[in-house]
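This briefing concerns aromatic pairing and chain contacts. Please consult the sequence and the structure shown here alongside the text.

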4 protein chains.
Amino acid sequence: MTKLADLLSTLFDRRYGRSGVGDVSQGPIGDLTAELMGAKGEITGLTVARAILDRYAGFSDDEKLAFFRHLASDMTLDPGRVRAALDTYEAGETKASYAAVMMAAEPRRQELIRRLNQIPGATGALVKMRADLLRLGKHEDALMALDLDFRHLFASWFNRGFLVLRPVNWESPAHILDRIIAYEAVHAISSWADLRRRVEPRDRRCFAFFHPAMPDEPLIFVEVALTRGIPGSVQTLLAQDREVLSEEQADTAVFYSISNCQAGLASISFGNSLIKQVVADLSIEFPDLATFVTLSPIPGFARWTETLELPGPPEEDDVLRALAARYLVEAKRPDGQPLDPVARFHLGNGASVHQIHAGADTSPKGRAQSFGTMVNYLYDTSRVSQNHERFAASQDVAMSADVRNLASAAEKAIA
Amino acid sequence: MTKLADLLSTLFDRRYGRSGVGDVSQGPIGDLTAELMGAKGEITGLTVARAILDRYAGFSDDEKLAFFRHLASDMTLDPGRVRAALDTYEAGETKASYAAVMMAAEPRRQELIRRLNQIPGATGALVKMRADLLRLGKHEDALMALDLDFRHLFASWFNRGFLVLRPVNWESPAHILDRIIAYEAVHAISSWADLRRRVEPRDRRCFAFFHPAMPDEPLIFVEVALTRGIPGSVQTLLAQDREVLSEEQADTAVFYSISNCQAGLASISFGNSLIKQVVADLSIEFPDLATFVTLSPIPGFARWTETLELPGPPEEDDVLRALAARYLVEAKRPDGQPLDPVARFHLGNGASVHQIHAGADTSPKGRAQSFGTMVNYLYDTSRVSQNHERFAASQDVAMSADVRNLASAAEKAIA
Amino acid sequence: MTKLADLLSTLFDRRYGRSGVGDVSQGPIGDLTAELMGAKGEITGLTVARAILDRYAGFSDDEKLAFFRHLASDMTLDPGRVRAALDTYEAGETKASYAAVMMAAEPRRQELIRRLNQIPGATGALVKMRADLLRLGKHEDALMALDLDFRHLFASWFNRGFLVLRPVNWESPAHILDRIIAYEAVHAISSWADLRRRVEPRDRRCFAFFHPAMPDEPLIFVEVALTRGIPGSVQTLLAQDREVLSEEQADTAVFYSISNCQAGLASISFGNSLIKQVVADLSIEFPDLATFVTLSPIPGFARWTETLELPGPPEEDDVLRALAARYLVEAKRPDGQPLDPVARFHLGNGASVHQIHAGADTSPKGRAQSFGTMVNYLYDTSRVSQNHERFAASQDVAMSADVRNLASAAEKAIA
Amino acid sequence: MTKLADLLSTLFDRRYGRSGVGDVSQGPIGDLTAELMGAKGEITGLTVARAILDRYAGFSDDEKLAFFRHLASDMTLDPGRVRAALDTYEAGETKASYAAVMMAAEPRRQELIRRLNQIPGATGALVKMRADLLRLGKHEDALMALDLDFRHLFASWFNRGFLVLRPVNWESPAHILDRIIAYEAVHAISSWADLRRRVEPRDRRCFAFFHPAMPDEPLIFVEVALTRGIPGSVQTLLAQDREVLSEEQADTAVFYSISNCQAGLASISFGNSLIKQVVADLSIEFPDLATFVTLSPIPGFARWTETLELPGPPEEDDVLRALAARYLVEAKRPDGQPLDPVARFHLGNGASVHQIHAGADTSPKGRAQSFGTMVNYLYDTSRVSQNHERFAASQDVAMSADVRNLASAAEKAIA
C-alpha cells in the first residue's frame with residue numbers, strides 16, 4: 001500500500017521536492033493547505049495530502065495547535081458570505097443559488113479534511129488528528145467549533161452502514177488482539193494468557209466494529225460470556241480455573257465489558273448498534289439463549305454516597321444493594337438524565353435495571369468506585385423499543401420488581 | 001446479511017406491523033421519514049430505514065417523484081433559521097453558536113439520507129435512488145437542488161480514500177463480470193466469449209474501483225491492452241485471432257475503454273484517480289513498460305465537421321487525421337474548454353494529444369461519430385502535472401509535434 | 001507460482017541447460033527419469049521434475065505411449081527382488097527386513113510419480129497424464145498395470161479427508177463456472193444464461209469437491225433443485241420461465257445431475273461422499289427439508305427393452321413406467337449387480353427406487369435412451385445404512401410400494 | 001466442521017449407539033478396525049473412523065500400545081500371500097495378477113490408516129498418533145515396522161507439492177503464533193514480546209510450511225534476519241534495543257533458526273525445500289540481497305573436544321574457532337557423514353562452511369554445547385547443486401578459504 005502510494009507520488013509529481021515553489025517537506029503548512037484547496041489540488045492532491053499528513057505526524061503539540069488554529073481561523077465559516085448567498089437564494093430558488101448557499105455555509109476546512117482523506121491510510125491519521133484536537137483544544141471555543149466539523153464528517157464516514165462487525169478470537173491476527181489488550185477500558189487485560197481466557201474458550205466471545213478504511217483498528221468491542229444463569233461476580237466470570245460450558249449448557253449471554261477504542265471517534269456513537277447486532281448474531285448461532293444481560297460497573301456510586309451524609313461508609317451487602325438501586329434509578333443530573341454514565345448508556349438503549357450484586361467486583365477499582373457492587377442491565381428484546389421510548393419521552397427508568405423493592409428499602413434506610 | 005437484518009428487526013421492533021401507529025408497510029411515507037428523524041429514530045432506526053427503502057423499491061415513477069418532492073419541499077433549507085443562527089453566532093462565536101449554524105444550514109434531508117444508509121446494502125439502494133432522481137427530476141430546480149445534497153454526501157462517502165482498486169479477470173466472480181458486460185459503454189461486449197478475450201489473456205488487463213459497502217458493484221473500470229508499440233486500431237486490438245504477447249514483449253499499456261458504471265454516481269469523479277492508480281500498478285508489475293496511452297474515440301468529430309461547410313464528407317485518411325487534430329486542439333466550448341468530452345477528460349488529467357489514426361474504429365458507431373478516426377492520449381508521467389497546470393491555468397492543450405503539424409495542415413485545408 | 005518456480009530453477013540449477021550432460025530440454029526421457037530417481041534427485045528434483053512434465057506436455061500420442069511403456073517395462077515390479085526380500089524377512093522380522101520388502105514390493109514408478117508431484121501444479125498435470133494413459137493404454141495389460149500405480153497413489157492423495165466441498169454459484173469465479181459448463185455430463189448446459197439459471201436462483205444449488213492442489217478444477221459436482229414435492233420432469237425443473245421458490249416453500253431437495261469432471265480420476269470414488277455431505281449441508285441450512293431424492297436418467301432402459309421381444313416399441317406411459325420399474329429392480333449383470341449403471345451407483349449408496357415418471361426427459365437423448373422415462377432414487381437418511389448393508393450382502397434392491405407394484409404389473413405385461 | 005461431521009454421523013448412521021453390535025463407543029477396538037475394513041466400511045466409514053479416532057484420543061499409553069500391537073500383528077504383511085500372488089503374476093503378467101500382487105504386498109494397516117484419514121481433522125490426529133508410536137514403540141521392531149507404513153503414507157500425503165509456504169508475522173492468527181512459541185527449538189522464545197521482536201520488524205521474517213488438511217499447525221518454520229553484513233552473534237541479532245534496518249540497507253539474509261514442529265512427521269524431510277523456497281521468495285521481494293547464510297549452532301562441538309585429550313577446556317577465541325572448524329570439516333561418523341547433525345543437514349543441502357564465530361551464543365545452552373561458538377553456512381545459489389553433488393558422491397565438504405585455514409591451524413594446535 002505504502003509502496004504504491006510512494007510510487008504514485010514519484011511517478012506523477014516528480015517536480016515536488018526539486019523546485020522551491022512546490023517543495024512540500026518544508027515551508028509554511030498554510031501554503032500546503034492552500035495548494036490542496038487550489039486548482040492544482042485535483043491532480044497533485046495525493047502528493048500534497050500526503051505531505052500535510054507526513055508533516056503533521058512529526059509535529060510537536062505546539063505545532064499541532066498552530067495547525068488547528070490555522071484551520072480554525074483561516075478556513076472557518078464566513079457569515080457574510082452565507083448571508084449574501086441566502087439573499088440570492090431567497091430571490092430565486094434555483095439549483096445554482098441553492099448550491100451557492102451550500103458552498104458558503106460549509107466551512108472550507110471540511111473540504112480540506114475530505115481531500116486529506118484521499119490517500120491510503122489517511123482515515124486513521126485523521127482520527128488520530130481529532131484525538132489531538134480534543135486533547136489540546138478543549139478550552140478554546142474556536143477549536144471546539146473546528147472539532148464539530150471533524151465530528152460532522154466522521155459521523156458520515158463512520159455511518160453504521162459502513163461498519164463491519166467481526167468476531168475477535170484466538171484465531172484473530174495478533175496485531176488486532178494486541179490492540180484489544182491496549183484498549184480494554186473496563187476490566188484490564190493483564191497478559192496474553194488473560195486475553196486468551198477471554199477469547200478462546202467456546203463459552204467466551206468478543207466482537208468488534210471495524211471500518212474498511214482502518215482494517216487494523218477496532219473501533220469498539222464487547223466481551224461476552226455465555227453462562228448458565230445470570231452471574232453476580234466478574235472475578236468468578238474471569239477466574240482462571242472456571243469450568244468451560246458447552247454450547248448446550250449456556251442459557252444466558254453476559255456483556256461484561258464494552259470499550260471504545262478511538263479517542264478520535266468520541267461522540268460518534270456505535271455502542272447501541274454493537275449490542276443489538278451481537279444479540280442478533282448470538283441468537284442465530286445459539287437459538288437456546290434466553291437472556292441477554294450486562295454485568296456492568298456502577299462508576300459513580302461511591303462518590304454519590306458521599307452526598308448522603310451517612311453515618312459511615314456502607315458495608316453490609318443488603319444496604320449496599322439497596323443504595324445502589326436507589327442511585328441507579330433515582331439519582332439524576334440537572335437535565336433529568338441518570339447520574340451514572342453507564343446507566344445513561346444502557347437505559348438510553350432500552351435496557352432495564354435488572355439485578356444488583358454486592359461483592360461483584362473485588363478489584364481495587366471496583367471497591368473504590370462502587371464498594372464492589374455491580375449491576376445487570378437486561379436487554380429484553382420484546383421490551384427494548386418500549387423502554388427506549390418511555391425513557392426518551394419521560395425519562396422513566398425500566399427496572400425489575402426486585403430492583404424496585406431494593407430502591408424502596410433504600411428510601412426507608414436513608415430516611 | 002439479509003437474514004441478520006431481518007432478525008434485527010424482528011428481535012427489537014416486534015410492535016411494528018402489529019399496531020396501527022407504527023405499521024411501516026403502509027400509510028404516508030412522510031410519517032416514516034418523520035419517525036426516522038424523530039427521537040425514537042435512534043433505537044428503531046434500522047427498522048424504519050429499511051421500511052422506507054423497501055417501500056421505495058416498490059414505487060412507481062410517480063410515487064418516486066412524490067417522494068422526492070416531499071424531501072425537496074418539507075426537508076429543505078430554512079433560510080430564516082440560518083439567519084437567526086448566524087445572528088447568534090456573530091453575537092458570540094462559541095461552540096454552541098457554531099453548532100447551531102451548522103445544524104441550521106444543513107437541510108434535514110441530508111441527515112435523513114445518512115440515517116437511511118445505516119442498514120446493510122443501503123448504500124447501493126441510495127445510489128440507485130439518486131439515479132432515479134437524476135432521471136425524473138432533471139427539469140425541476142427543487143429536485144436538482146435536492147440532488148446537490150445526495151451529491152454532497154456521496155462525494156464524502158465515495159472519497160478516493162475509501163475506494164478499493166481490484167483487478168477484474170477470468171477468475172473474478174461471474175456476477176461481477178456480468179456487470180462489466182452490462183456497463184461497458186465504449187466498445188460493447190457482445191458475449192461471454194468476447195469478455196473472456198478482454199480479461200483472460202496475459203496481455204489484457206481490466207481494473208475497477210469498488211466501494212466496501214457495494215462489494216458487488218464496480219463503480220468505474222478501465223480495460224487495458226499490453227502491446228508492442230502504440231496501436232492504431234481498436235478492431236485489431238480486439239481481434240479474435242490476434243497473437244498474445246508475453247510479458248517481456250510488451251512495452252506499451254493502452255487504455256482502450258473507460259466506463260462509468262453507476263448513473264447514481266454522476267459527477268462524483270474517479271476517472272483521474274483510476275488511471276493514475278492503474279499506471280502505478282502496471283509500472284510495479286511490468287517495470288519495462290515505457291509508454292502509457294489511451295486509444296480513444298472522438299465522439300463529437302463528425303458533428304463538428306458539419307459546421308465547416310466542407311464540399312462533402314471528408315474521406316481521405318490524411319484529411320481526416322488533419323481535421324481530427326484540428327478539432328481536438330482547436331474546437332472549444334464557449335467556456336474555453338475543448339468541445340470533445342473525451343478530450344476534456346484526458347487533457348484535464350494532464351495527458352497530451354499524441355497520435356491520430358484513420359480507420360481505427362470501423363464499427364458503425366465509430367464511423368458515425370468520427371468517420372472511424374481515433375486518438376491516442378499520452379500519459380507521460382514526467383509531464384502530467386505540468387500539462388495539467390497549464391491546461392487549468394490557460395487551457396493550453398499539450399500535443400505531440402506530429403499532431404501539431406496535422407492541425408496546421410488542417411488549417412490550410414479548411415482555409 | 002510459476003514465476004517462483006522459474007526462479008527456483010534459475011537460482012539453484014543454473015548448470016542445467018548449459019552443459020550437455022544435464023540438459024533437460026532434450027535427450028532420452030529415460031535419462032531424466034533416471035536422474036530424478038538418482039542421488040542428485042533430492043537437490044535438483046524440482047528442476048528435473050519440471051523438465052519431465054514440460055517435455056510430456058509437448059508429447060504426441062506416440063511419444064506419450066513410449067513414455068508409458070518406459071515406465072511399464074523399466075520401472076515395474078521385480079518379482080525376484082521381492083522374493084529375496086521376503087526370504088530375509090521371514091528369516092528375521094526386523095524393521096530393516098520389513099523395510100526391504102516394502103521397498104522391493106513397490107514398483108519404482110510410484111516413487112517417480114511422487115517425485116514428479118513435488119512442483120507446483122504437478123498434481124493436475126499427473127491427473128491429465130493418467131487420462132492419457134487410460135485413453136491410450138486400455139488394450140495393453142502392462143499399461144493397465146501401470147495405471148494401477150497411478151490409481152493407488154491418487155486414492156491416497158484424493159482421500160476424502162483432503163477434499164474440500166465448495167458451493168458453486170453465480171458469485172463463483174468465471175473460470176470455475178466455465179469448467180462446470182464443460183464438465184456437465186447429464187443435462188448439457190447450453191450457454192452462460194442456462195448456467196445462470198442453475199446456479200443463481202435461491203432455489204437452485206450446486207456443490208463441488210475440490211482438492212487443495214488443484215484449486216481451479218472441480219473434481220465432481222452435483223446440481224440440486226429445491227422444490228415443493230418430488231418433481232417428475234427435468235424440463236419443468238430447468239424451464240426458463242418457472243417460478244422461483246422461497247426458502248420456506250421448499251420441502252424437497254432434488255439431485256438432478258451428478259458429473260465427474262476428471263477422466264484421470266476414474267475409479268477414485270467421491271460420489272457417495274458428495275451426496276452425503278450435501279445432504280448434511282442442506283439439512284443445516286434448511287431445517288425444513290424433509291425429502292432428498294434424485295431425478296435420474298435410466299440410461300440402459302431402451303436397450304434392455306430390445307431383449308424383450310415386445311410386439312413394438314412401448315409407448316404408453318403406464319407400460320413404460322412398469323417396464324422401467326422392472327428393468328431397475330430385476331435386470332442384473334452376470335455378477336448380480338443391477339444392469340443400469342446409475343441404479344448401481346445409488347443403490348450401492350443405500351438409496352431406494354422411489355418413483356418412476358414417463359415423459360420426464362423429452363430431450364432427444366432422453367427419448368433415445370429411455371423413451372423419456374426417469375426415476376427418483378430416495379435418500380432416506382434413516383434407512384441409508386440398512387439399505388446399503390442389505391444391498392451389499394444380498395443385492396436386495398430397496399424400493400417403494402409404488403415401484404414394487406409397477407414391477408409386478410410389468411411381470412404380467414411381459415408374460 | 002465438527003458440527004457438520006456430527007450431523008453426518010447422526011443423519012446417516014443412527015443405528016450406531018443403539019444396538020449392541022454396532023455400538024462404537026465401547027467393545028474391542030479390533031471390532032471397529034474390522035468394521036472399517038469390511039464391506040460396510042464404505043458407507044459407514046466416517047462414523048467408524050471417527051469412533052476409532054475418538055476412542056484413541058482417550059487412550060492411556062498402555063491402551064495405545066495395545067492398539068499399535070493390534071495393527072502390528074493382525075494387519076501386517078502376509079509373506080505367503082505375497083508369494084502366492086507373485087506365482088500367479090509370473091505365470092501371466094496381467095492387470096489382474098499385478099493388482100493381486102500389489103494388494104497382497106501392501107499391509108492392510110495402510111488401507112486402515114487411509115480410511116481413518118477420511119474424516120475432517122483426521123490428518124492431524126494421525127500425525128499425533130505416529131508421534132505416540134515413535135515414543136512408545138521405539139524398542140519394538142514390530143512397531144518400528146508399523147511405523148514404516150505411517151511414514152510411507154505420510155511421505156505421500158506431505159509431498160512437497162501439497163505443502164503451502166506462508167509468511168508468519170505479527171498479523172498472523174494468534175493460535176499460529178502460539179505454536180511458533182511452543183515449537184521454537186533452537187533459540188527459545190521467552191514471551192509474546194520476544195516473539196513480536198522476531199516477526200514484526202520489517203527486517204525480520206518468518207516462514208512456515210503448512211498442509212491444507214492441518215491449516216492450524218505449522219510443519220516446519222525458519223526465522224530470518226535481514227542484516228548488513230554477516231552477523232557473528234545471535235544475542236546481537238535478537239537484542240531488544242537493536243536498530244531496525246530499512247529494506248534498502250539490508251544486503252544479507254540470515255537463517256538463524258529452523259525448527260521442525262511435528263514429532264509425528266519425523267524423517268519426512270521438508271527443511272531443504274523450505275530454505276530453497278524462502279531464498280527464492282526473498283530474492284523476489286528484495287532484489288538487492290546478495291548473501292544467504294545461516295547463523296547456526298554447533299551442537300556436538302563441546303562433546304567432541306572431550307575426545308581430544310586437551311590439557312584443559314579451550315577458552316581462547318582463536319583456539320575455539322580453529323577447533324570448531326576442524327570439528328565441522330573433519331569429524332565424521334563411521335559412515336563418513338559429518339558428526340555434527342546441523343552440518344549434515346546444511347552440507348547435504350549444498351551449503352558450505354563459511355565463517356566461524358566465538359562468543360556468538362552466550363546463552364547457557366550455547367556455552368554448554370559449543371563454548372559459545374557458532375557457524376555461518378553459506379547458500380551460494382550458483383554453487384548449491386555442485387556442492388551437493390560432490391558431497392553426495394565423495395562427502396567433500398565445501399568451505400571458505402578462511403575456514404580451511406582455521407582447520408589447518410587446529411591441526412597444528414592439536415598435534
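The model is a predicted one. Over all chains, the count of aromatic pairs comes to 66. Chain A and chain B bury about 6,700 Å² between them.

- C:Trp157 belongs to helix H9 (residues 141-157) of chain C, whereas D:Phe162 lies in the loop between helix H9 (141-157) and strand S1 (164-167) of chain D, so the pair joins two chains.
- Both C:Trp157 and D:Phe162 are buried.

**Aromatic pair within chain D**

- D:Phe301 and D:Phe371 are also edge-to-face, because their ring centres are 5.7 Å apart with the planes at 85°.
- D:Phe301 is in helix H14 (residues 301-305) of chain D, and D:Phe371 is in the loop between helix H17 (364-370) and strand S7 (374-378) of chain D; the pair therefore ties together parts that are 70 residues apart in sequence.
- D:Phe301 has a relative accessible area of 0% and is buried, while D:Phe371, at 23% relative accessibility, counts as partly exposed.

**Aromatic cluster and charges over rings**

- One aromatic cluster is formed by A:Phe150, A:Phe154, A:Trp157, A:Phe158 and B:Phe162.
- In chain A, A:Arg166 lies over the face of A:Phe210, at 3.9 Å from the ring centre.
- In chain D, the charged end of D:Arg166 sits over the ring of D:Phe210, 3.9 Å from the centre of that ring.

**Interface of chains A and B**

- Contact involves 69 residues of chain A and 70 residues of chain B.
- Of the area of about 6,700 Å² that chain A and chain B bury between them, 63% is on carbon and sulfur atoms.
- The interface of chain A and chain B holds 4 salt bridges; B:Glu90 forms a salt bridge with A:Arg83, with the closest N and O atoms 2.6 Å apart.
- Between chain A and chain B, 18 residue pairs are in polar contact, both residues being at pLDDT 80 or more.
- Several helices of chain A each supply at least two residues of the side that touches chain B, including helix H1 (2-12), helix H5 (79-91), helix H9 (141-157) and helix H18 (384-394).
- H9(A) gives the largest share of the side of chain A that touches chain B, namely 9 residues.

Terms used: Residues are numbered from 1 along each chain as its sequence is written. Chains are lettered from A and ligands numbered from 1 in the order in which they are written. This is a predicted model: local features need pLDDT of at least 70, side-chain atom pairs count only at pLDDT 80 or more; totals for chains, interfaces and linings use all residues. Side-chain values use heavy atoms; hydrogens and water are left out. Rings of Phe, Tyr and Trp (its six-membered ring) pair if their centres lie within 6.5 Å; planes under 30 degrees apart count as stacked, over 60 as edge-to-face and the rest as tilted. Helices (H or I, at least four residues) and strands (E, at least two) are DSSP runs, numbered from the N terminus. Buried means under 20% relative accessible area, exposed over 50%, partly exposed in between (1.4 Å probe, protein chains only). A charge sits over a ring if NZ of Lys or CZ of Arg is within 6 Å of the ring centre and within 35 degrees of the ring normal. Contact means heavy atoms within 4.5 Å. Buried area is the accessible area (1.4 Å probe) that two parts lose on being put together, summed over both. A salt bridge is a side-chain nitrogen of Lys or Arg within 4 Å of a carboxyl oxygen of Asp or Glu. A polar contact is a pair of N or O atoms within 3.5 Å; within protein, one must be able to donate a hydrogen and the other to accept it, and residues adjacent in sequence count only if both atoms are side-chain atoms.
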